[in-house]
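Q: I have the sequence and the model open side by side. Can you show me how to read them, feature by feature?

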Amino acid sequence: MKPLAGVRILEFDGLGPVTFAGMWLADMGAEVLRLTRSAAAGAPVFADVGGEVLHRGRASVEVNLKDPADLARVLDLVRAADAVIEGFRPGVMERLGLGPAELQARNPRLVYGRVTGWGQSGPLAQSVGHDLNYIALSGALHPTGEPDRPPRPPLNLVGDYGGGAMFLVAGLLAAVLEARTTGRGRVVDAAMTDGSALLTSLFHAFRARGLWTDARGANLLDGGAPFYRCYACRDGGFVAVGALEPQFYAALLAGLGIAAGEAPQFDLAGWPALHARLESVFATRDRDAWTALFAGTDACVTPVLTLGEAPSHPHNAARGTFVEAGVVQPAPAPRFDGSVPDPVEPPGSLALAAAVARWA
């Protein structure tokens, strides 16, 4: 049995963090019903990009929230739910009669999970934006990329998923635990600006101690250190070097044929020259040749795999990090009680009346 078995969650369909959060909660065993816009409600707001991956593990239920009969059935589902999750702009759910006050009046123990870019309050709460805008405001975007170029978007991992979905899930589960004791639910306000800002906590600690500057590419973990960055190889592939500790750095130098006395690790004035030297050395061999050379050492050198390559890497294959269920996709994580990941369940569909009967 999965750890969230018996937890019931209504997901008001959307893009980005809500979809990822619904998938993750279902992976961990929650019974999630994904409420989608029916044909009677008009064209869907979003294109269906989740498909077999992000919509896995739960049934979609078509609803028309402007139809009184459908709305009444949704409210029946709310009475049996532990939580709802939604990602609309502040005020949208209230205008539909589905805000926290209305729903918790029917189900006092309901946890109401809301994820937005700017949050439910503040001067920008009603403004539009996307992942990139939110992490720009939080300070999480500026350190990324090369020092002589604009910051580079880190996909949508930091805002949508790291700062949004994961904080939504953590807050929601904390509130569900509390509600089981108190009988009272909470409203979880997960803002991507808040979450991505919290993810930068280490770097604020560094700045407070004078160990981090706002100059991009000049610090320990932003590519400024020659021993913590990626290098191009002869064949156009890349390796990731993460030799932070002195003993790991020594193993790196040994593998590259560089005497330790020629390249002191924390001589910051010498970092530019060391960058150039390591670049020239790594350019002499193919990526997989460097991978083989450093295999079994403590140099912290790994190949930079593409999305297509990652599933077949021996470590990922041995752990079942990826599965094929309709399409190749990441397996559920984290794992519970052993090293074998839980199987992936495909998306399903359910009529609204049947969903109400199922939760009755």
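Q: How many aromatic pairs does the count come to?
A: Rings of Phe, Tyr and Trp (its six-membered ring) pair if their centres lie within 6.5 Å; planes under 30 degrees apart count as stacked, over 60 as edge-to-face and the rest as tilted. By this rule there are twelve aromatic pairs. In Phe20 and Tyr161 the ring centres are 4.3 Å apart and the planes meet at 25°, so this pair is stacked.

Q: What should I know about the model before going on?
A: It is a predicted model: local features need pLDDT of at least 70, side-chain atom pairs count only at pLDDT 80 or more, and totals for chains, interfaces and linings use all residues. Residues are numbered from 1 along each chain as its sequence is written, and side-chain values use heavy atoms, with hydrogens and water left out.

Q: Which parts does the pair of Phe20 and Tyr161 tie together?
A: Elements first: helices (H or I, at least four residues) and strands (E, at least two) are DSSP runs, numbered from the N terminus. Phe20 lies in helix H1 (residues 17-27) and Tyr161 in helix H7 (residues 157-182), so the pair ties together parts that are 141 residues apart in sequence.

Q: Are Phe20 and Tyr161 buried or exposed?
A: Buried means under 20% relative accessible area, exposed over 50%, partly exposed in between (1.4 Å probe, protein chains only). Phe20 and Tyr161 are both buried.

Q: Where do Trp290 and Phe294 lie?
A: Both are in helix H12 (residues 287-294). They are four residues apart, about one turn of the helix. Trp290 and Phe294 are both buried.

Q: Which residues do ring pairs link into a cluster?
A: Phe227, Tyr249, Phe266 and Trp271 are joined this way.

Q: Which charged end sits over the ring of Trp290?
A: A charge sits over a ring if NZ of Lys or CZ of Arg is within 6 Å of the ring centre and within 35 degrees of the ring normal. For Trp290 the charged end belongs to Arg285, 5.0 Å from the ring centre. Arg229 lies over the face of Tyr231, at 4.4 Å from the ring centre.

Q: How many helices and strands are there in the protein?
A: The protein has 14 helices and twelve strands.

Q: In what sense do strands E1 and E2 pair?
A: Strands of a sheet pair through backbone hydrogen bonds, either parallel or antiparallel. Here, two strands pair if DSSP finds at least two bridges between them. Strand E1 (residues 8-12) and E2 pair in the parallel sense over five bridges. Val32 in E2 is the bridge partner of Ile9. The chain crosses from E1 through H1 to E2, a right-handed β-α-β crossover (with the strands pointing away from the viewer, the path from the first strand over the helix to the second runs clockwise).

Q: Why is E2 described as largely enclosed by the rest of the structure?
A: Five of the seven residues of strand E2 (residues 31-37) are buried, so the strand is largely enclosed. E2 also pairs with strand E3 (residues 59-63), again parallel over five bridges. There, Leu33 has Ala59 in E3 as its bridge partner.

Q: Which residues cover the two faces of E5?
A: Val111, Gly113 and Val115 lie on one side, and Tyr112, Arg114 and Thr116 on the other; all are buried. Six of the six residues of strand E5 (residues 111-116) are buried, so E5 is largely enclosed by the rest of the structure. Four bridges join E5 in parallel to strand E4 (residues 83-86), where Ile85 stands opposite Gly113. Five bridges join E5 in parallel to strand E6 (residues 187-191), and Val115 has Ala190 as its bridge partner in E6.

Q: In what order do the three strands of the open sheet come?
A: The order is E7-E8-E9, with antiparallel pairing. The edge strands, each pairing on one side only, are E7 (228-232) and E9 (301-303). Five bridges join E7 to strand E8 (residues 238-242).
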